[in-house]
Amino acid sequence: MGSILQNAIATCLFEIRSSFTIQRTSVSLVLALFPPTMLGLLILGARFSRSGISSSILQDFTPLLTIVLIGLVSLLSLILWATPNVSAELEGKSWVFIASRPGGRISIFFGKFLASFSVSYAICILSISLCTFLIDSQLHTGDAGRFWLSLSGIFFLACLTYGGIFSLLGVLFIKRAMTFSVGFVIVSDIIMASVPGVLMNKFSIRYHLQEISLTWLGWFLPSSSEEGYRVIFGDGYPATIHICILIGITLFTLCLGAWAIANREYITTYEA
Amino acid sequence: MIELKNTTKLYKDVIGVNDICLNLQAGTYGLLGPNGSGKTTLINLILGQLKPTIGSVTLFGVNPWKKSKLLRRIGLCPSVEINYPRATGLEWVTYMVQLHGFRFMQAQKKAKESLDFVGLSHAMNRPMRNYSLGMRQRAKIGQAIAHNPDLLILDEPFNGLDPIGRHEMSAFLKTWASQGKGLILASHILHEVEAINPSFLLISGGRLLASGSPAEVRNILADTPYELTMRTSNPKQLATLLIEHCDIESLKFTSKTEILFSTRSASQLFKVIPEIIQQHKITITEIRSTDDSLNTLFSMLMKLHRGELMQRGL
């Protein structure tokens, strides 16, 4: 176990070091700056609006918008980093060097998961910090510290869970991992999570993250929608249960992924 | 060391290797075959990266499929290129050694030793994108031997090397073989492998066509038609002299200065040519083999295999 962790950390560090090109760093920066830029434009637009949008309306919507935007950015980053865990090695022909080492396959799986999680979470933290600063300085909400901490915790869990799922999809569907990951998000977190009043939506990752957000942030959605929300999603559980479920999903996907990568035949392109 | 019993590997409806039976004791082996003959598939079966469709594979007495700990005893230098342009040679080899279960400091020490051994210590802190093909080849050898394996497997190690690099690679392989450690050298060029003096495994179309010592393989080659093109100032005189002194099967004037010969006794031909040049003052500006001798050998072995030729060599 110690050896697996040691190798995974070595892989993660090597992966981050060797793939931090100008292009990748630029993409990461663009992703991190996208939510605060959108938020800034929204606030600026409201300021100069002729109809006079009040700051209370902005205060109502900005937390939701922040979460949605950073959520999109984190998903995109995870899809870019986590899903090509096997395909990038096979296409880059480096798979044979890794697979010919004891535990090399499992190390690459965990190592790339760690790398995708680290990079995506770093993007989230930068984005959360800039958004929090913007909201607090422009709208004077007064609870910037709590907002930052809550979002950091929520996106830590989000990156962990989605990172695990996307890594598993990368191992199972080598050629179409990104398509399957986008498909998973659409089916599970948009369609399934929006089915009202039935058990099905509780199987989505979004449901658990939403419930944790509501516990940690308080009611952050527009005030008029509280009743409707409970009709769709029912009453939530304590945050610890949702956290345990998300960590459980992560552990399950990681174990399944590690088992699959260790037991599957991967045909290299020069062999086929 | 390695045992394959009726091993067949199918990629859907394509045959990778076909019904191979082998029992290799520790030693030096040259795995020879044309491109696409199944050498890499055979290596991957031995390494446990592929599961045989039919039959079994044993490495050091254990089934290598899923026994990844066995890989600690093996060093692999694949034919594929290294694709980490930003990483330095030292960073990459250290990482490769770490994946064998060594801690960072230990791995870095081993990486430095092996890079020094392959003559790359002067460039080990440079990004690999600045390496020449020969340097990348050395780095690949470095990662394969850094953990001191019992069996070293090299897939086309001479690819892209210049003559000096080839000579150095041969010298290194001879040193390795002299240590009594296992060595499997896969190649499609006979004379490069022959320099290491291994036992040969001849594979083509996924089948093991023949195996044996260099003398046995030479014996088969002796009966193999050999084609040679010569460029000379006086092709007609050269042709006449060669027909007089050698067992020439056929000849063809391909241009005003070029002749294409076919002979079954290449060694006799190479013995006679210097004598002709010396005695008759004929200028020969170029001699080149028009067919890869190994390809000819394999086509002959395939014919033997199908029963189209009488078996003489083996």
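Predicted model: local features only at pLDDT ≥ 70, side-chain atom pairs only at ≥ 80, totals over all residues.
Look at chain B and find helix 2, residues 89-98, and helix 4, residues 133-145. Two packed helices are described by the angle between their axes and the distance between the axes. For this pair, the angle is about 30° and the axes are 9 Å apart. Angles under 35 degrees count as roughly parallel, so helix 2 and helix 4 of chain B are roughly parallel to each other. And which hand does the crossing of helix 2 and helix 4 of chain B have? That crossing is right-handed.

Who makes the contact? On the helix 2 side of chain B, you've got Gly89(B), Trp92(B), Val93(B) and Met96(B). Helix 4 of chain B brings Ala139(B), Gly142(B) and Gln143(B). Sort the residues of that contact by type and you get four nonpolar, three polar and no charged.

Okay, on to the sheet. Also in chain B, there's an open sheet of three strands, in the order 2-1-4, and the pairing is antiparallel. Strand 2 (14-24) and strand 4 (54-59) of chain B are at the edges with a single partner strand each, so each has one side without a neighbour in the sheet. On average, neighbouring strands in this sheet are turned by 25° against each other, ignoring direction.

Let's zoom in on one pairing. Strand 1 of chain B, residues 2-11, runs antiparallel to strand 2 of chain B, with seven bridges between them.

Zooming out, chain B is divided into domain 1 (2-211) and domain 2 (221-298). Their C-alpha centres lie 37 Å apart.

Last stop, where the chains meet. The contact takes 25 residues from chain A and 30 residues from chain B. On the chain A side, helix 1 (2-19), helix 5 (95-99) and helix 6 (104-139) each supply at least two residues. Helix 1 of chain A gives the most, with six residues. By type, the chain A side divides into 10 nonpolar, 11 polar and four charged residues.

Terms used
Residues numbered from 1 in each chain as written. Chains lettered and ligands numbered in written order. Pairing = 2+ DSSP bridges. Helix = DSSP H or I, 4+ residues; strand = E, 2+ residues; numbered from the N terminus. Axes fitted to C-alpha atoms, helices over the stretch in contact; angles between N-to-C directions. Contact = placed C-beta atoms within 7 Å. Nonpolar A, V, L, I, M, F, W, Y, C, P; charged D, E, K, R; others polar. Domains from an automatic or database assignment. Parallel < 35°, antiparallel > 145°, perpendicular 65-115°, else oblique. Left-handed = near helix turned anticlockwise from the far one by under 90°.
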